[in-house]
Structure formats: C-alpha cells, structure tokens
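Visitor: I am new to this structure and would like a close look at a single part of it. Please start with the whole chain and then move to that part.

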Amino acid sequence: MRDLHGEYIYEKGGELWIEEQRVTDLAERYGTPLFVTSENAVRNNYRTFHHTFKSRYPGELLVCVGMKANTSLALRKVITAEGGGGDAFGMGELYVALMAGTPADRIVMNGTNKSDEVLSAALHTGAQINVDDFEELERVLEFAEAEKKTARVSLRVRLPLEALQGKMFVDPRYRPPGIDVSQWEREFKFGMEPDLFLRAVERGLHAPNIDLSGVHYHGGIPRRAGYSLEETQELMRYLGEVKNRFGWFPRTLNLGGGFPKTRVGVENPFPLERHAQGITSTVRAACEDLGVTLPRLVLEPGRWCWEDAAVYVTRAGNIKRDRKLTTKQWVYVDGSINEMGDPFDPFSGYHPAVIAHRADAEGTQTVDICGPLCNAADILAKERLMPPIERGDCIAFLSMGAYNEAFANQANAMPRSASVLVNGERHALIRRRETIQDVFSREQVPVWLL
C-alpha cells in the first residue's frame, strides 16, 4: 500500500482507494465527474490543527473552519461534531452553520459590506459580528438599540507590518521579484487602519447594547510567507497601546487563517508547528507583560482542513494526437475547469492526477488533460507526464477539497457535479448532481417575448 495523500487516500493493488472504497467503484455507482471526500481525513486534519495550537496554548481555543472553502452541509456537521466553529460570510454560510447545529457562540460573522439581513440575523442568533469599518459599528449599534438586544462585537484591524516593509514573497502566483508582503497587507480590503481601529474601540466601549469582546486580524500573504511571528508581535504592540489608553483588552483574539498546507509533490517550507509556536508564544508573553488573562484564541483555517481530504474523479473520452502540425496529445475528460477554479490557489491550479485503476503506473507520455468547455483555457492538467490513457479510464485529481467545489460555476450551461462522502466502508451522496433544469431554474421570459 502506498500513501498518495495521507493515510486515507492511497494506492493498493494498483487501484486508487479512499478509505475502504475503490474510486472506480464509486465512479460506477455515482457517475462522473464526481467529488469524493474522506470523512476521516477531515476529522484528522481538524484534530491535528487543534492539537498543534492547543498543546502550546493554555487558554481557550476555538477553531472556526473557513466555510467559504467548503460549504457542504454534511461536512459542516462533521466539523460541528468535532467541536469546531464556522467563519461565515453572508446569509448562506450563516444558514449552513446553524443548520449543521453549530452553536452561535462558535460562529464568526465576517464581511466588509454586511446587509441589513445579515446584521439582523447575526444579532438575533448571537453570532460574533466582526466589524470591518467604523460606519458598520454605527449600523450594528442602531440595529441593537432598535431590537433591544446586545450585539457581540469584534473589531477587525489592518496593520502596516512595519518590520516587513520591503520583504518580498515569491510563489507560483507571484514570480520574481514577488509581492511586497507589507504593501499587500496595507492594501488588503478587509479591516480598519490602526487610527480608525482605536476610534472604534473607544466608541464600542461607551456604546449601549454593544459587547465589545474581541479583535480580529488576518494575515493572508504575510502568513503564507511565514511571517506569523512578526504579524502577531505587531498586533500585540497595538493591543498593548489599547490597554494603556482605554484599560481594555479583548476577551477574544481572532487571528484568522491562511496557514499553508503541503500539496503532493510540493514542499511546504512553513509547517503548521512553526506558525503555532510563533503565534502562541507571542500572545502568551504579551499577556503576561500586560497582566491580562489569556484571551480565547480563535483561528479560521480553511484550506488546511479541507484540501487533501477530497479527490475529483473524471472519465476520459476522446483522445487526440497531432504528429505533423504539432506533437501534442490531448486527453478529453468530462470534468472541466468550472470545478477546478480556486481563486486563492498558491500552486496556480496544479493538482496531481492519477489513473484510478492504474494508480501505480509510471508516466511515459506528456498530455494535456482537457475539459469539454468552449474555452481554450479549459485544461485541467497541462503538459502532464502520465501513463498511457484509454477512453473510459477514470482520472482522479488530488487535493480538491478546498475552494474547488465551493467556487464551481455553470459556464457553458454545464451542471455541477455530485459529491460523495466516504467513511470506512460506508459511502453516501451528500450533494446530488445538478440537472439541466437546475441550471435554468432561475430563468424567466417576459410576456412580450411569448
């Protein structure tokens, strides 16, 4: 047996398995294209993440697994069962979290331009409202006063990251000379700049119907670049200033997500342990210096918990070879980039591909694996070294659990795929395949065109 992506997705006897199910059997049962997720991989990822921070942090820890990375109701129930919370944007994600039984005090309501409906729902359910701007704080106050309720509020801050000015980060998205991580954070669309943040703290402390309980900071690219220590140090200096000026320190400290995860064949230079040590040691030292109780530490990993738990299974159809005009070979499958688009992908859409019933075969030919869209960019794997492929072969793409299904679209009026959950020998449909009728279910024709 050979691990392909952790202990739950592996090759055995030349076949690709997920837990105790052959991928080819699942493809026959449910059709293709198909998302398949290992429940136990999700659980193991969550537990590993939680333990990595909790073993270094004696205070309360809440892991709010990012919902935008995977909005499946069944998988949200898995996270809830593990004790996790949810990072929600908009009514849809709040609804899914509540439907899955997530307690309101484990839901963080994020967003830069929350609608009245979202603010009202967060207020009535008791979810923590991460306020993104001073104007939004005033809107929350108006809602709370009108409804005679107390809003549980956290303020989101954006930092200058002075110690990181001029530090450049290079990955497949940002080729040399890369991107300035300090500039990226300063121009990030989320959060308040420090002066406005301090005004919001003062306003929140004196406003009726506001329970100012927390502070939120999320690093994005600086964290991916390995600077979680420097980020946290600067944040704690600002919170020290808040403590000295207002005599207030947050009960909840939300440091967001953005933690990088290894993808098959790609080394991760910044393992989770490094981030956990830098963050927790800095928070603990600062709280000791300030003489305050350790806050509830909230983290919002998305990719880290979901990505390597799922595969995307496609089936090969036409195979085309050119020998004169070019020397290329194209393999056409029924999956498409409609379901491969990950706007945050640090590996620029590279996903390892395996022929499911010959998962141990070595690559001998270079091919483009293409989808059926009227889009020249519909290439799932470009110039990929693969074993010989025949019509009918199942080709599975690894590391497909984060963002891919959540951001899937219906370009060319293509129905989106079904999704299956596997737990040991058990398997079940958790999202049915769309029909053509589903794709056009929102269409209406004006009477004058009839």
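How many helices and strands are there in the protein chain? After that, which strands make up the closed barrel, and what packs around them?

Guide: This is a predicted model, in which local features need pLDDT of at least 70 and side-chain atom pairs count only at pLDDT 80 or more, while totals for chains, interfaces and linings use all residues. Residues are numbered from 1 along each chain as its sequence is written, and side-chain values use heavy atoms, with hydrogens and water left out.

The protein chain has 13 helices and 23 strands. Of the 450 residues in the chain, 56% count as buried; buried means under 20% relative accessible area, exposed over 50%, and partly exposed in between, with a 1.4 Å probe and protein chains only. The C-alpha atoms fill a box of roughly 75 × 60 × 45 Å along the principal axes.

Now the barrel. Eight strands close it in the order β6-β7-β8-β9-β10-β13-β14-β15, with parallel pairing. The twist from one strand to the next averages 30°. Two strands are taken to pair if DSSP finds at least two bridges between them. In the case of β14 (residues 252-254) and β15 (residues 296-299), there are three bridges, in the parallel sense. Within this pair, L253 stands opposite L297 in β15.

Helices pack against these strands. Helix α2 (residues 39-54) touches β6 (61-66) and β15, and its direction makes about 145° with that of β6. Contact here means heavy atoms within 4.5 Å. The axes are lines fitted to C-alpha atoms, for helices over the stretch in contact, with angles from 0 to 180 degrees between N-to-C directions. Another helix, α5 (residues 116-125), lies across β8 (107-110), β9 (128-131) and β10 (151-156), running at about 140° to β9.

Next come the nonpolar side chains. In soluble globular proteins, such side chains tend to be buried together. A nonpolar core is a set of buried Ala, Val, Leu, Ile, Met, Phe, Trp, Tyr and Cys residues joined through side-chain atoms within 4.5 Å. The largest one has 82 residues, and F53, V153, L155, F197 and L235 have the most contacts inside it. Helix α11 (residues 272-290) gives the most to this core, with six residues. Beyond its neighbours within four places in sequence, L155 is in contact with residues including V131, M192, F197 and V215. A second, separate core of 20 residues includes I9, L26, A27 and A418.

The cysteines remain. With a disulfide taken as a pair of cysteine sulfur atoms within 2.5 Å, the count is zero. C287 has its nearest cysteine sulfur, that of C64, 19 Å away, and C287 is buried at a relative accessible area of 2%. For C394, the nearest cysteine sulfur is that of C370, 18 Å away; C394 is also buried, at 3% relative accessibility.

Definitions and conventions: Helices (H or I, at least four residues) and strands (E, at least two) are DSSP runs, numbered from the N terminus.
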